[in-house]
Amino acid sequence: MNRFQANICLITVLICWSFEVVLFKNIPMSVPWLAVMAMISFIGFAVLGLLFFTHIKRHFSFRLWRKVLLLALLNIAYNVPMMEAVHYLPTMTSVFAATASLLIMPFLLLLTHEKIRWQTWLGGGLVLLGILFSLDWTLPWGQTVGLMYMGIHVIVWTIYFFFLNGLSKQNDPLTISALSLGSVSICSCLLYFCIDPQGFFHFEYSSTLLSSVFADGYFICAFATVINIYAQKYLTPLNT
């Protein structure tokens, strides 16, 4: 895979992540986000584990797993604010705001004195235009709260992205994906049970909830995660 092909993969991942916002909008607010994280991550982990068990077992090490634990905690830390934000923001605003990390990259490049490619400026500019055109300029309180959550999401996601890029250079992407999803599921479960000891048995499993969870678990957690980590092997965080 060359750099051009890796960027095509990331465009595919970006489309999947945009689809994820729509899925999260369908999930009732009565369902805790940590419970959702646990379910979708477990589905993604199960899919990869069943399909690639031998490959993952061959590349597994406890040293890698310890590194992936930090990745899992960052994954939870950037996903939960985004999940909360989608209930305050219109769908299109959520889609563009969720990719606002593209706005941060040019400034990081300036700080590191690296050459800024025109594609980087273009990506950031399109995201900014999307946000500006989708905002309600009467500035309702709900929108402000949603944008604050998205701001937290973008900052933590940028940290996650740098850590993931470095880890993917030295380890098998498929194994990282499976260990990350499994760790996110376990950590989300533990955190959720600390907050609500009743666990997963006191909210309604509607068809909308189940379809959204399974679609996210398969297409986003399993499919998009693997493609994203494979592409990171051929890119740097600031030249994506």
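A residue counts as buried when its relative accessible area is under 20%. In this predicted model, Asn 75 has a relative accessibility of 9% and therefore counts as buried.

## The chain as a whole

The protein chain contains nine helices and zero strands. Read from the N terminus, its elements follow the order α-α-α-α-α-α-α-α-α. The chain has 240 residues, of which buried residues make up 50%. Its exposed surface comes to about 12100 Å², and 74% of that area is supplied by carbon and sulfur atoms. When contacts between residues at least 6 apart in sequence are considered, 88% of them join residues at least 24 apart.

## The crossing of α2 and α3

Helix α2 covers residues 33-59 and helix α3 covers residues 62-85. The axes of these two helices come within 12 Å and cross at roughly 150°. The crossing of α2 with α3 is right-handed. On the side of α2, the contact is made by Trp 33, Leu 34, Val 36, Met 37, Ile 40 and His 59. On the side of α3, the contributing residues are Leu 64, Asn 75, Ile 76, Asn 79, Val 80, Met 83 and Glu 84.

Asn 75 is located in helix α3. Leaving aside neighbours within four places in sequence, Asn 75 is in contact with Met 37, Tyr 160 and Val 184. Asn 79 and Ile 152 are 73 residues apart along the chain, and their C-alpha atoms are separated by 9.7 Å.

## An aromatic cluster

The structure holds eleven aromatic pairs. One of them joins Phe 60 and Phe 62, whose ring centres are 5.1 Å apart; the planes stand at 75°, so the pair is edge-to-face. The cut-off behind this assignment is an angle of over 60 degrees between the planes. Phe 62 also pairs with Trp 65, again edge-to-face, with 6.4 Å from centre to centre and 75° between the planes. Phe 62 and Trp 65 are three residues apart in helix α3, which means that about one helical turn separates them. Through these ring pairs, Phe 60, Phe 62 and Trp 65 are linked into a cluster.

Phe 60 counts as partly exposed because its relative accessibility is 34%. Trp 65, at 32%, counts as partly exposed. Phe 62 has a relative accessibility of 55% and so counts as exposed.

## Residues separated in sequence

Further C-alpha separations concern Pro 28 and Phe 133. Pro 28 lies in the loop between α1 (3-26) and α2. With a relative accessible area of 31%, Pro 28 is partly exposed. Phe 133 belongs to helix α6, which covers residues 118-134. Its relative accessible area is 71%, so Phe 133 is exposed.

| Residue pair | Separation along the chain | C-alpha separation |
|---|---|---|
| Asn 79 and Ile 152 | 73 residues | 9.7 Å |
| Pro 28 and Ser 206 | 178 residues | 9.3 Å |
| Phe 133 and Met 92 | 41 residues | 9.4 Å |

Technical notes. Residues are numbered from 1 along each chain as its sequence is written. This is a predicted model: local features need pLDDT of at least 70, side-chain atom pairs count only at pLDDT 80 or more; totals for chains, interfaces and linings use all residues. Side-chain values use heavy atoms; hydrogens and water are left out. Axes are lines fitted to C-alpha atoms, for helices over the stretch in contact, and angles run from 0 to 180 degrees between N-to-C directions. Helices (H or I, at least four residues) and strands (E, at least two) are DSSP runs, numbered from the N terminus. A crossing is left-handed if the near helix is turned anticlockwise from the far one by less than a right angle, and right-handed if clockwise. Contact means heavy atoms within 4.5 Å. Buried means under 20% relative accessible area, exposed over 50%, partly exposed in between (1.4 Å probe, protein chains only). Accessible areas come from the Shrake-Rupley method with a 1.4 Å probe; for residues, only the protein chains shown count as cover. Rings of Phe, Tyr and Trp (its six-membered ring) pair if their centres lie within 6.5 Å; planes under 30 degrees apart count as stacked, over 60 as edge-to-face and the rest as tilted.
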